[in-house]
Amino acid sequence: MLKSLFTSVMLIAIFIVILGLGYPLAVYIIGQIAFPHQANGSLISENGRIIGSELIGQPFSNPGYFWGRPSSTLPFPYDPLHTSGSNLGPTNPKLLREIKARIYNLRKFDPDAPAKIPSDLVMGSGSGVDPYISLAAALYQVPRVAMARDLSEQTVEKLVKEYTKSRQFGFLGEPVVNVLELNIALDKFSKP
């Protein structure tokens, strides 16, 4: 009996060392060697200062910037510690009020924009921190951003297309634009 207990304790200790320390350490080392940028959060820095991550959206409300998808995270928008969608169903009156308010806000700042607003500008993502918008959503905002920055629409549209990521593997999903990266490029080009 004592021998069985000793064997059990030794096996538990060995598995704790292998699976609790060895495996995580191996994954960490491989990640740091093979994918250091991704393993450290895909951080974006400007002048030695970290300003965000490629993986987490940020709130923009200035008309001179592109706006991302709405965020439902609490206590503040795009909170990476509390990722979630709103969990409101399509017939929920609160969701309908939020969508109408977002449409009103877009129309207020973009009165000359096309009538059809891309859905990702008025509906949040499942995570609440999605950093990407569709190409259609970015192109919808070009007139507002161009006017606010006193640039031609062609110049801003060219920048949008330059920062558009194509479909994954050439056939999965739709082309998307990382809002933070696009806004950083805009700031290098012209301040709002």
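**Two serines in a predicted chain**

Colleague: Where is the place of S71?

Modeller: This is a predicted model, in which local features need pLDDT of at least 70 and side-chain atom pairs count only at pLDDT 80 or more, while totals for chains, interfaces and linings use all residues. Residues are numbered from 1 along each chain as its sequence is written, and side-chain values use heavy atoms, with hydrogens and water left out. Helices (DSSP runs of H or I, at least four residues) and strands (runs of E, at least two) are numbered from the N terminus. On that basis, S71 is placed in the loop between β2 (49-53) and α3 (93-109).

Colleague: Is S71 buried or exposed?

Modeller: Buried means under 20% relative accessible area, exposed over 50%, and partly exposed in between, with a 1.4 Å probe and protein chains only. Because the relative accessibility of S71 is 18%, S71 counts as buried.

Colleague: Which backbone nitrogen does the side chain of S71 reach?

Modeller: A polar contact is a pair of N or O atoms within 3.5 Å; within protein, one must be able to donate a hydrogen and the other to accept it, and residues adjacent in sequence count only if both atoms are side-chain atoms. The backbone nitrogen that the side chain of S71 reaches, at 2.9 Å, is that of Y78.

Colleague: Which residues is S71 in contact with, leaving aside its neighbours within four places in sequence?

Modeller: Contact means heavy atoms within 4.5 Å. Leaving aside those neighbours within four places, the residues in contact with S71 are P77, Y78 and G128.

Colleague: What is the relative accessible area of S53?

Modeller: S53 lies in strand β2, and its side chain has a polar atom 2.8 Å from the backbone oxygen of G41. The side chain of S53 also reaches the backbone nitrogen of L55 at 3.1 Å. S53 is buried, with a relative accessible area of 8%.

Colleague: What is the radius of gyration of the protein chain?

Modeller: The protein chain has six helices and five strands, which run α-α-β-β-α-β-α-α-β-β-α from the N terminus on. The radius of gyration is taken over C-alpha atoms, and the globule rule is 2.2 Å times the number of residues to the power 0.38. For 192 residues that rule gives 16 Å, and the chain lies well over this value, so it is more spread out than a compact globule, with a radius of gyration of 23 Å.
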